[in-house]
Amino acid sequence: MSQTDNDHNITLTGTVVDRTGQPLYGATVHLQHTTHEVLTDRGGRFRFLTGQKIPAIVEVSFVGYETRVDTFNSFDPIRIQLQESANRLNDVVVVGYGTQRRKDLTSSISSVKQADVAAIPVASFDAQLQGKAPGLQINSNTGTPGDGVFVRIRGTTSINADNNPLYIIDGVFVNNTSLQSINTGGRETSPLADLNPADIENVEVLKDASATAIYGSRGANGVIIITTKRGRFNSPPKLSLDVSTGTNWAPKLWSLTTGPQHAMLENEFYENSYADAVAAGNAAGEAKYQTPPFTGSVWNPTASTKRGTPDIQKTYDRLDQLFRHGNLQNYNLSLSGGNKETQYYFGAGFTHQDADIRPLYFERGSFKFNLDQKVTDWLQVGTSNNFSRTYRKQGRAGDGPDGGLLQSALHTPTYLPPFDSTGKPLNYAGFDNLSILIEYYDVHTISLRYIGNFYAEAQLLPGLKFRTSWSLDYNNYNESQYWNNLTQDGAPPTNGLATSSLTQNTTWIDEQTLSYNTRLGGKNSIGLVIGNTLQSNLITNTSAQGTGFPNNSYTDISSAATRTASQSWTKGNLASFFGRFDYNYASKYFLEASFRADGSSKFGEDNKWGYFPSIGGSWRLKNESFLRNVKTISDLKLRASYGITGNQNGISNFAALGLWSGSSGYPDNASGDQPGTSPQQLANKDLKWERTAQANIGLDLGLFQDRITLNANIYNKRTTNVLLALPIPGVTGFTSYNSNAGIISNKGYEIGLSTVNLKTHGLTWTSNFSVSGNVNKVVYLPSPIYEYSRDWVVMQQGSPMYSFWLYKQLYVDPKTGASVFQGETNGTLPTSARQILGNAMPKFFGGFNNNFSYAGFDLGILFSYQYGNKVMNLNRFFGEGGGTRDANRVMFADQLNRWTHQGQVTDVPRETAYGLSYTTDQNSRFMEDGSFIRLKDLTVGYTLPASLTGKWKVGAIRLYFVGTNLWLHTKYTGPDPEANTTATQTIQGLDLGTPPQPRAVQFGINATI
């Protein structure tokens, strides 16, 4: 504050910022006891010229923040920091086809401000939401950027149909199913990685039936609504630049045996196996294991001629060759603003993220354009547009040896050299040579994506509004790969293998809604929404393959000696009609009911239409007379809802039809094969909608002026008519047919707790804690379904999905060193001894977030956690084979803990080829506790003083540091308990050849003008 000629004419100046030090544009600053009131400029600055004497008192308010009163006690400018409002009851929440105040909700909805997690360096924004919303389970299955993410809202409801939530971006229903067709070891890319997280304003997670039933067939797995950034009417242009760079690296990796250790263990295996063969009188075994494979310091050449004579005193570290410190770069520029009739937002971004394994990386360039125009005082039109181009340098990981990067590095024995004495690359036991893979890997994808819509909104009468929109989601997905003649896929006689696949996914939606809101008398409010939606989805694919190339300089299929091609298309249509009614009496009693009818082309003639109702109510007890004057309780509301949603996603567009294939030919020795047709799929005219009924009871509580807020829910979901491919006898000519045959149950709870722990003039500390638990059960299934190699995973009646079906190793006998299994009889294990010993679903999961701010500094700490889930460590299964897989697999260092003498207590059995210890594949010894707590995000920022940036004519400058995955506590012996081998949704908790999530640090700067 500066003084003029006398104390009666003074100038008051200051700056208003948020908890991170960012200026708040448009905050209201009122000089108490006067009529003076001003708005802050884009730098958060304000200025009064007044006759008030010192001290002068100002009241500062801003939407979504707590009002603050400050006093001018000196002549210097003051800095006023506002805190986000703990009382968020008046916040506007995006719901199905509209918005509501949070205090009026009858449903369970969680909100996430994307700005709080946008700096976490993952390609797909859904991975950033881990630990941020109760009931939302997210696992990053792999450390490769752009890969698919496991997302579940309140459990898994289906087997063959889709379990992913519905994603809506600015009113557009977007595709979240990967278009990938090339083999990358079972993993799939994420279509959501096409969206730039920097363009997102907030995310709403709709969980119960009251919130999701209005989306009918789309809402069974929950709904995630993404609202992107827009301009503001009557605001000057605001230019924002955010630049960050950093590096990532792998966490602690697997411990492997050295060359000498490997040789010692393998010789011991031979010696033990020979002794056991002699004891059993097995002549063939005596001959096989009589001579240990390692003599002195070299491999016995009689055991393998392919490997020559490598020096076993050496240890070749392929993991260090594969893993790297990767580069992270992120650039985002935006311009927003508006006048009386127009508001606009332009955003452009570029992201580069290296995977923690060579040579994979992800790049995305994006452009965002949102525009809203008031044509008249009753008509407004607008558009949302997102353009992106993503480039993925992909690689095989997960399952399968050919071309597998991590398999070649991890599962190749460490004593074997990568090259012979002449420099010729060597590969072993089905794995490619890692050096060749890294240097010549050529698997990549280019995705061109447009997501956009156009709308017109007319205010027909007071309270009556009509809206029409047309939306498009278009994705051109171009895949290409070439395997040269040094790789197994391209080696002679193939002489090079090239594949090209072009997939185009086009979804258009035409939607109309009519909404009416009014008040009846002083206490009654009603709202009504009716509408219809027409949707069509078309997917086309053209692919080609070529083999036999002159040399590795030719990689286009046109240069191949042998060329083949294929083409396919599929199309599905959906028509919907929906409505919602809500009633509010005196802000105490709330009622909401919705209904939707969906007609899908996927189902049988008599079952195309599905009908999905819901009803919900809430009672805000705080507004009752008996609680109105209880100051300790600032809010108390009870909620209850019930509804039915449907599911048709994840099954074929022609699932109910009998199909024929035209690719069959009749053999004709004289003139070659003649064209013909053959049956491809059985018809099922009775195929119908999968239905999920859900009941929810909730509590919202606020204490001490909402310094403490609690949100709690319990729910019960039951899915019937489960869409399933049922097996049928092979004599029919088919292996399965599409049917409705199953019931799945999910029961659980969610708790979210927010607290304002400390709030002083300069220092604030807020916390958010969430915990969620879900119990999944297959209530009915005609017959068990076995998944994955060796049937490790089973789904059967009475057990959870993702259950592990194993033989239970009780202990290792200290006298003999042999594994002792439950159900073992006379040295044999009948199949009946196998049992379900755990599953991949956690007992509970959640997050713990803390935010601190002081004098321009801000600190954010986010932990995510999960408890009670099991993981099958299949890397150990292959790497701790007791010597039985020497030619195929590395030996892990834990094999050194094997039993060697009587009285030794260990869970690693004596090495031998005989008995059950190493011949029992489905051994519970490799099932581990996957519980963890992870420091997901650590952010430290400093905003330069406004007095300094004001001189530079800059709104604000913030410097920041972000650390990701810097700490992990888990009993799991692999690098990452979230790792999962395959993206197939019916399989979780299998860790094999999957790169872990990297640790990362970034430094950045954000500036606004």
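In which strand is the place of Thr 562? Look for strand β29, which runs over residues 562-585. Keep in mind as you go that this is a predicted model. Is Thr 562 buried, partly exposed or exposed? Its relative accessibility is 46%, so Thr 562 counts as partly exposed, because that class lies between the 20% cut-off for buried and the 50% cut-off for exposed. Leaving aside residues up to four places away in sequence, Thr 562 touches Gln 545, Gly 546 and Thr 547. Asp 356 is another matter: 206 residues separate Thr 562 from Asp 356 in sequence, and their C-alphas sit 36 Å apart in space.

Now move to helix α2, residues 259-280. This helix has 22 residues, and from its first C-alpha to its last it reaches 32 Å, close to the 32 Å you'd expect at 1.5 Å a residue. Quite a list of α2 residues is buried, including Gly 259, His 262, Ala 263, Leu 265, Phe 269 and Tyr 270. Glu 266 and Glu 268 are among the buried residues of α2 too, as are Asn 267, Asn 272 and Ser 273. What covers them? Part of the cover for the buried residues of α2 comes from α3 (283-288) and β19 (294-295). Just past the end of α2, Gly 281 takes a positive phi of about 65 degrees.

Next up is strand β12, residues 136-139. Leu 136 and Ile 138 point one way from β12, while Gln 137 and Asn 139 point the other way. Whichever way they point, all of these residues are buried. Which strand does β12 pair with? That's β13 (residues 150-153), in the antiparallel sense, over four bridges.

Last, the empty space inside. Rolling a probe the size of a water molecule over the atoms shows where such space is left. Searching the whole structure this way turns up 15 cavities of 30 Å³ or more. The largest cavity has a volume of about 300 Å³. It is lined by 26 residues, and the closest to its centre are Pro 121, Val 122, Thr 142, Gly 143 and Pro 145. Two elements give two or more residues each to that lining, namely β22 (342-354) and β52 (956-970). What classes of residue make up the lining of the largest cavity? There are 10 nonpolar, 13 polar and three charged residues.

How values were computed. Residues numbered from 1 in each chain as written. Predicted model: local features only at pLDDT ≥ 70, side-chain atom pairs only at ≥ 80, totals over all residues. Heavy atoms only, no water. 1 Å grid on protein atoms, 1.4 Å probe; cavity = no way out; pocket = protein on both sides within 12 Å on 5 of 7 lines; lining within 4 Å. Points joined across faces, edges and corners; volume = space filled by probe spheres on them. Nonpolar A, V, L, I, M, F, W, Y, C, P; charged D, E, K, R; others polar. Buried < 20%, exposed > 50% of the residue type's maximum accessible area, 1.4 Å probe, protein only. Pairing = 2+ DSSP bridges. Expected span 1.5 Å × (residues − 1). Contact = heavy atoms within 4.5 Å.
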